[in-house]
Amino acid sequence: MPHRTLSARIRRKVNGYRAKARRLWRSMSPEDAQPDDAWAQRHLTGAEARVYQSMDPRDREHACRVARHLLREHPQVDSELVAAALLHDCGKSLRPYYLWERVAVGLIPNRLTRLLPPVGALGIRAHHPELGARLLAHAGARPRVARLVARHHHPGGDPDAALLHLYDDQE
């Protein structure tokens, strides 16, 4: 049984790196991003929609893919989890990224960047869940949406945050 668990972990890591490479490739040009903003906004409150619109189009496109994948495999999830899927990377909107920074932050493991303060491209990337939750709370988003965004990299036993983490990793 432990062998299967190790095998499953390795498979998940490989799939995660494969998805990361696809995300990095798609993030090269903001002009090529095609987020479905009209669809996304139907799942958000007014305050949440304003935060969503402040996100980079590449991050909005990724968020839409995460939310659609989640809904495809779990059609009965509640509206707050869908909103969190659409907003999970909103903390990255606090600072625009240059192309070379997008590449750099994509290559450096998150556990190393977490050692940095929440400034600069690497620091914002490492702390974007907490920063995004604060941004959402300040904007007037639903409290549970902000909590899910804060936990999307470290679910801590929250099954909905774990689902969000899983689909974020896959997309």
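Which residues form a nonpolar patch on the surface? Select Leu 6, Ile 10 and Val 14 to see them. Together they have about 260 Å² of accessible area. Keep in mind that this is a predicted model.

**Stop 1: the patch**

Stay with Val 14. This residue is found in helix H1, which covers residues 2-26.

**Stop 2**

Now turn to charged side chains. The whole structure holds eleven salt bridges, according to a search. Begin with Arg 60 and Asp 37. They form a salt bridge, and their closest N and O atoms are 3.0 Å apart. Colour helix H4, residues 57-73, to find Arg 60. Then colour helix H2, residues 37-41, to find Asp 37. The two partners sit in separate helices, so the pair ties together parts that are 23 residues apart in sequence. Show the surface next. Arg 60 is buried, and Asp 37 is buried too.

**Stop 3**

Keep helix H4 on screen. Select Glu 61 and Arg 65, which both lie in this helix. Their side chains meet in a salt bridge, at 3.5 Å from N to O. Count along the helix from one to the other. They are four residues apart, about one turn of the helix. Glu 61 is buried, and Arg 65 is buried as well.

**Stop 4: Asp 158 and Arg 151**

Move on to Asp 158 and Arg 151. Their side chains also meet in a salt bridge, at 3.1 Å from N to O. How do the two partners compare in relative accessibility? Asp 158 counts as buried because its value is 18%, under the 20% cut-off. Arg 151 has 36%, so Arg 151 counts as partly exposed. Next, select Asp 78, Glu 80, Arg 144 and Asp 160. Salt bridges that share partners join these four residues into one network.

**Stop 5: helix H9 against helix H10**

Show helix H9, residues 143-151, and helix H10, residues 159-170. At what angle do they pack? The angle is about 55 degrees, and the axes are 9 Å apart. That angle makes H9 oblique to H10. H9 passes H10 in a right-handed crossing.

While helix H9 is selected, pick out Val 145, which has its place there. Val 145 counts as buried because its relative accessibility is 0%. Now draw a distance from Val 145 to Asp 37, C-alpha to C-alpha. The two residues are 18 Å apart in space. In sequence they are 108 residues apart.

**Stop 6: two other partners of H10**

Finally, bring back helix H4. How is H4 placed against H10? Their axes come within 9 Å and cross at roughly 120 degrees. H4 and H10 are therefore oblique to each other. The crossing of H4 and H10 is right-handed.

Note on methods: Residues are numbered from 1 along each chain as its sequence is written. This is a predicted model: local features need pLDDT of at least 70, side-chain atom pairs count only at pLDDT 80 or more; totals for chains, interfaces and linings use all residues. Side-chain values use heavy atoms; hydrogens and water are left out. Buried means under 20% relative accessible area, exposed over 50%, partly exposed in between (1.4 Å probe, protein chains only). Patches are made of residues with over 30% relative accessible area and no salt bridge: like charges are joined within 9 Å, nonpolar side chains (Val, Leu, Ile, Met, Phe, Trp, Tyr) within 5 Å. Accessible areas come from the Shrake-Rupley method with a 1.4 Å probe; for residues, only the protein chains shown count as cover. Axes are lines fitted to C-alpha atoms, for helices over the stretch in contact, and angles run from 0 to 180 degrees between N-to-C directions. Angles under 35 degrees count as roughly parallel, over 145 as roughly antiparallel, 65 to 115 as roughly perpendicular and the rest as oblique. A crossing is left-handed if the near helix is turned anticlockwise from the far one by less than a right angle, and right-handed if clockwise.
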